[in-house]
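Work through the exercises below with the sequence and the model at hand. Each task is followed by a solution in steps.

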Amino acid sequence: LTGAKAARLSRLLAMGFPVPRGFCLTTCAYRQFLASNNIGSAIKRIIASTQDADLASRQIAALFVSRGLPVGIETALNNHLPSLGVPFVVRSSSTFEDGGSYSFAGQHNSELDVTPGRVSDAVRKCFGSLYSSSAIHYARSNGLNITEASMALLFQDLIVPAKAGVLFTVDPSSGDPNLLAIESVCGLSTTLVSGEVTPHLS
């Protein structure tokens with residue numbers, strides 16, 4: 001219901017680790033969006049018939065951004081957004097992401113500096129990012145049917161850090177489980193995850 005990212009953050013929170021406050025819009029909301037806008041079949045048709053991942057991604061993104069949020073989703077957001085500060089962040093949490101065999105790391109969108117007036121756009125963009133060009137290509141390369149995936153969204157307070165990064169509990173270069181690797185950048189980690197900058201490694 002929550003995708004791997006949200007589920008693991010929930011476990012960290014339960015263990016007492018500092019996790020920015022927030023809430024999760026579950027995969028039920030994603031499926032409700034598809035059903036209420038009748039776009040599920042169109043997505044499957046595009047994935048099946050369009051070999052160019054960039055083109056397929058653009059076509060699917062257009063389906064998401066041109067549709068409205070169902071009333072139930074808008075109501076849920078209006079009820080829970082007052083619990084967050086402004087601005088906040090909307091983070092993707094795919095059911096295919098961060099699995100035991102496949103990662104999909106950095107292939108779905110997070111929207112930063114979101115305000116209540118922009119939340120509808122942020123939700124639709126993050127839902128649609130399930131079918132980013134890189135995610136489609138990665139799924140096909142690994143024999144996965146990406147239309148079987150679903151998307152949950154995390155809404156959290158936006159933390160503006162001096163530095164941010166990613167901790168690998170298995171060294172990504174050697175595969176050594178006894179080595180930790182930390183890649184960090186100044187400011188927000190979006191430039192690191194997107195590959196825009198070369199990180200500091202420790």
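**Exercise 1. Overall fold**

Task: state what share of the contacts between residues at least 6 apart in sequence joins residues at least 24 apart in the chain.

Solution. In the chain, 67% of the contacts between residues at least 6 apart join residues at least 24 apart. A contact here means heavy atoms within 4.5 Å. The model is predicted: local features need pLDDT of at least 70, side-chain atom pairs count only at pLDDT 80 or more, and totals for chains, interfaces and linings use all residues. Residues are numbered from 1 along each chain as its sequence is written, and side-chain values use heavy atoms, with hydrogens and water left out.

Next, take the dimensions. For 202 residues a compact globule would have a radius of gyration near 17 Å, and the chain agrees because its value is 17 Å. That radius is taken over C-alpha atoms, and the globule rule is 2.2 Å times the number of residues to the power 0.38. Along the principal axes, the C-alpha atoms fill a box of roughly 45 × 40 × 30 Å.

Last, list the elements: the chain has eight helices and seven strands. These are DSSP runs numbered from the N terminus (helices H or I, at least four residues; strands E, at least two).

**Exercise 2. Strand β2 and its partners**

Task: decide whether strand β2 (residues 88-94) is largely enclosed or open, and find which strands are joined to β2.

Solution. Start with burial, which means under 20% relative accessible area, with exposed over 50% and partly exposed in between (1.4 Å probe, protein chains only). Of the 202 residues of the chain, 38% are buried. In β2, six of the seven residues are buried, so the strand is largely enclosed by the rest of the structure.

Then follow the pairing, for which DSSP must find at least two bridges between two strands. Strand β3 (residues 110-114) runs antiparallel to β2 and is joined to β2 by three bridges; Arg 91 has Ser 110 as its bridge partner in β3. Strand β4 (residues 151-157) is also antiparallel to β2, with seven bridges between them. Here Ser 93 is partnered by Ala 152 of β4.

**Exercise 3. The surroundings of Pro 20**

Task: locate Pro 20 and say which residues beyond its sequence neighbours it touches.

Solution. Pro 20 lies in the loop between α1 (3-14) and β1 (22-25). With a relative accessible area of 33%, Pro 20 is partly exposed. Leaving aside neighbours within four places in sequence, Pro 20 is in contact with Gln 156, Asp 157 and Ile 159. Pro 20 and Phe 155 are 135 residues apart in sequence, and their C-alpha atoms are 9.5 Å apart in space.
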